[in-house]
Structures are given as structure tokens and as C-alpha cells.
Amino acid sequence: MPSENIEMGDETSQTLSWIFERYVNSDGEIPVKRFGEIIETYRSTLSERTIEKLLKYADTNKDGYINKHEIVALEEQDAETTARGAGVSRKDVTKFRRGVKGVGRFILPKEEDQQIYYERYTCLPPPLFMILISVIEIGIYIYYAALYGNWLTFPRELLQNPMIFNPRYRDQVWRFFSYMFLHAGIEHVGFNVLVQLILGIPLEMVHGSWRVGIIYLSGVLGGSLASSVFDPYTALVGASGGVYSLFTAQLANVILNGDVMHKLSSLARTAFVTLILCSDFGYSIYRRFTSEVTSQVSFVAHVAGAIAGLTMGLIVLLNFKKNLRDKIAFWIAVVVYIAFLLFAILWNIFRPVD
């Protein structure tokens, strides 16, 4: 088995040299400051300070420029020596390498970005948002299932619960979010938790917990707001709005980074998300018109969650290669989300409660 130092050198030699050769000027050098700015576009998981330290260390003759010889020396040097000399830490890169490789391939569009992510990801801070949300949702489901002696379906007693979203109590603002902690049965909570962990944790590991948290909660809020406007006689439970937002965040990633993705990868992601969304949406409509009143599904909340995830994803997700099209998509998403948010909020303020 190759040593971890050799593994790091091999992976780095496929990335730093490629970047250097692409941007080097005619005299074979790049100013350290300029090269740092270039590196930041390919190393978005690294802090600006870390990049600065590594390039300052690589500039061995301290002339303010990086040349090919210095890049090669940085690539070939023992990883621990580089870490000590630059004043940075590897932070258990090897320990987390295997777990994040699958994440990198699934989320990151470009090979060079994947490789640097494998090397530098430390799980600090760890991807806790989706885990904590899922644990809370499961815990609350278990509590009420034990309390009412109903483990499989929706207890009618929950219709009076202060966390459920009931359009008649729109003035109780917390309900627009708290309904995500209640679920309509073991099938409902099981599907939501499983999907949000599968989709949410990889997104967190690449884009950060706060970005994924914003997307997820925007889906939850979008679901309750849309339900209050277009489906005002249906009580709402479950985190499906947030789950749908994670699905369409994958589409947002394709829109933002599709030009640097492998075409097969972007098509496969789009097809996968579309298939799941259409299947679950169809099932939701079926459940809505065939179930009892207490277990009907608000497919409006699902659609709104999906739209919120797409628009908010275009706003907050990392963009690995910005261009004019992406800037246009960003501002379209901002306008669409704010317009819907303002309309729904004003509707709930001024529309009388039935």
C-alpha cells in the first residue's frame, strides 16, 4: 500500500501544476498574490489565510513570484514537512479521505476540486445540521407515538398540537417552521429522514452547514407559506418541504456548475432528481385524494419546497466557475424568492382567518 505522503503528492501533482501551467505568463512566473486569487477559485474549501501561508512557504526565494520549480518542489516535498513549514495542519486528512471521496464525486463538479477536497477536508466543523434535525424529528415522533399508543399512523390528537401548521392559527408564527418536527406516520418520517440524510450530509460536507440549513429551512417556510395561500384548509405536518428543497438543490448545483461537469454526470443527476420528484409528487397527489382527511398530503407544500430549494440553491451554493449566465441565474433566483416571500407574508397578514 502506498504511503499517505506519496498519495498526497500524486494527487497534488495533478492539480497545482495544471493550474500553474494554465495561468503562467510568458516569463514562467505568476505573482504570489495573483496566484493566490487563482487558487481560491479552485480551492473553495480552503481559507484565504491557509492559501496565503502555503504560497508564502512555496516562494522559497521570497521574490514575490511563483515559478514552476517552486511548484514542483511543493508537490514533491513530504506532506508533514510542508505542513510544519507553512504553519498549517493536515488535520487527519487520511482519516477522512475515504469518507469524503464519495461526497466529492457526488457533489463537486470538477476533478481538481474533488482532489483538493479529499486532501483538506477535516470535518471541522462536522456536518451536524442534518443529523441534529433528523435526530430531533425522530425523537419527537417516538415521543408522541408512545404518548398516544400509535406507532404507525397519524394520531388525531396531534391536530390540536401547537407545533402543527394550521392555517387558522397563522398569527402563531412559529407554526410556519415547527410543523416540520411532526409527521403523519412511520412511513412519512422514515422517508423524510432517510432522504435528507443521504442528500443533506454530502451537501453540508462540501458547501457548509449554514448554506444547507438556509436551503432546508427555506423549503420548510416555503411549504407552509404556499399551503396557507393555495391550500388554506389543510393542516400541515412533516419536513417534506425541506426534503424537496434538498432534491432541487442538486439541480441548482448542475445549473451553477454544469459547464465544468462531465456531461454524463450532470444528465444523471438531473434525471435522478426529476424521477424521484415526479414519483413522489404523483404519490402525494394520489394520497391527497384517496386518504382520510386527517392524513391527506399537501402536495402544494412539496412543490413550494422544491421551488424554494432551487432558487435558494442558486443564491447560496458555492459556484466553482462563475460566468455571466450564473450571475443572471443568481439575480433571477433572488427576485423570484423575495417576490414569493413578500406575497405570501402579505397574504397571511391581510387575509382574514376563516
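## Helix α9, end to end

The expected span of a helix is 1.5 Å times one less than its number of residues. Helices (H or I, at least four residues) and strands (E, at least two) are DSSP runs, numbered from the N terminus. Take helix α9, residues 129-148: at 1.5 Å a residue, its 20 residues should span 28 Å, and the end C-alpha atoms sit 29 Å apart, which agrees.

Before going on, a word on the source: this is a predicted model, where local features need pLDDT of at least 70, side-chain atom pairs count only at pLDDT 80 or more, and totals for chains, interfaces and linings use all residues. Residues are numbered from 1 along each chain as its sequence is written, and side-chain values use heavy atoms, with hydrogens and water left out.

## The whole protein

The protein has 16 helices and two strands. Of its 354 residues, 51% are buried; here buried means under 20% relative accessible area, exposed means over 50%, and partly exposed is in between (1.4 Å probe, protein chains only).

Contact means heavy atoms within 4.5 Å. Among the contacts in the protein with a separation of 6 or more, 73% come from residues 24 or more positions apart.

Which residues of α9 are buried? They are Phe129, Met130, Ile133, Ser134, Glu137, Ile140, Tyr141, Tyr144 and Ala145. Looking down the axis of α9, these buried residues fall within an arc of 130°, so they line one face of the helix. The arc is that of the directions from the helix axis to the C-beta atoms. As background, an α-helix has 3.6 residues a turn, so residues three or four places apart point the same way.

On the face of α9 turned away from the buried side you'll find the exposed residues Val135 and Ala146. After α9 comes Gly149, with a positive phi near 65°.

Ile140 belongs to helix α9 and counts as buried at 18% relative accessibility. If you skip neighbours within four places in sequence, Ile140 is in contact with Met163, Phe181 and Leu182. Ile140 and Leu182 are 42 residues apart in sequence, yet their C-alpha atoms are 7.0 Å apart in space.

Leaving out neighbours within four places, Ser178 is in contact with Pro162 and Met163. Ser178 is buried too, with a relative accessible area of 8%.

## α11 and its two partners

Two packed helices are described by the angle between their axes and the distance between the axes. Axes are lines fitted to C-alpha atoms, for helices over the stretch in contact, and angles run from 0 to 180 degrees between N-to-C directions. Angles under 35 degrees count as roughly parallel, over 145 as roughly antiparallel, 65 to 115 as roughly perpendicular and the rest as oblique.

How do the partners of α11 work out? The axes of α9 and α11 cross at roughly 170° and come within 8 Å, so the two helices are roughly antiparallel to each other. On the α9 side the contact includes Phe129, Ile133 and Tyr141, and on the α11 side it includes Ile186, Val193 and Ile201. By class, the residues of this contact divide into eleven nonpolar, three polar and two charged. (Ala, Val, Leu, Ile, Met, Phe, Trp, Tyr, Cys and Pro count as nonpolar, Asp, Glu, Lys and Arg as charged, and the others, Gly among them, as polar.)Helix α11 (residues 186-207) also packs against helix α12 (residues 209-230), at an angle of about 140° with the axes 7 Å apart. That makes α11 oblique to α12. Gln196, Gly200, Leu203, Glu204 and His207 in α11 meet Ser209, Arg211, Val212 and Tyr216 in α12. This contact has three nonpolar, four polar and two charged residues.

His207 is in helix α11 and, at 1% relative accessibility, counts as buried.

Gln250 sits in helix α13 (residues 240-257) and is buried at 3% relative accessibility. Its C-alpha atom is 8.7 Å from that of Leu203, 47 residues away along the chain.

In α15, 13 of the 18 residues are buried, so the helix is largely enclosed by the rest of the structure.

Lys62 lies in the loop between α4 (48-58) and β2 (65-67). Is Lys62 buried or exposed? Lys62 is exposed, with a relative accessible area of 56%. Although not a glycine, Lys62 has a positive phi of about 55°.
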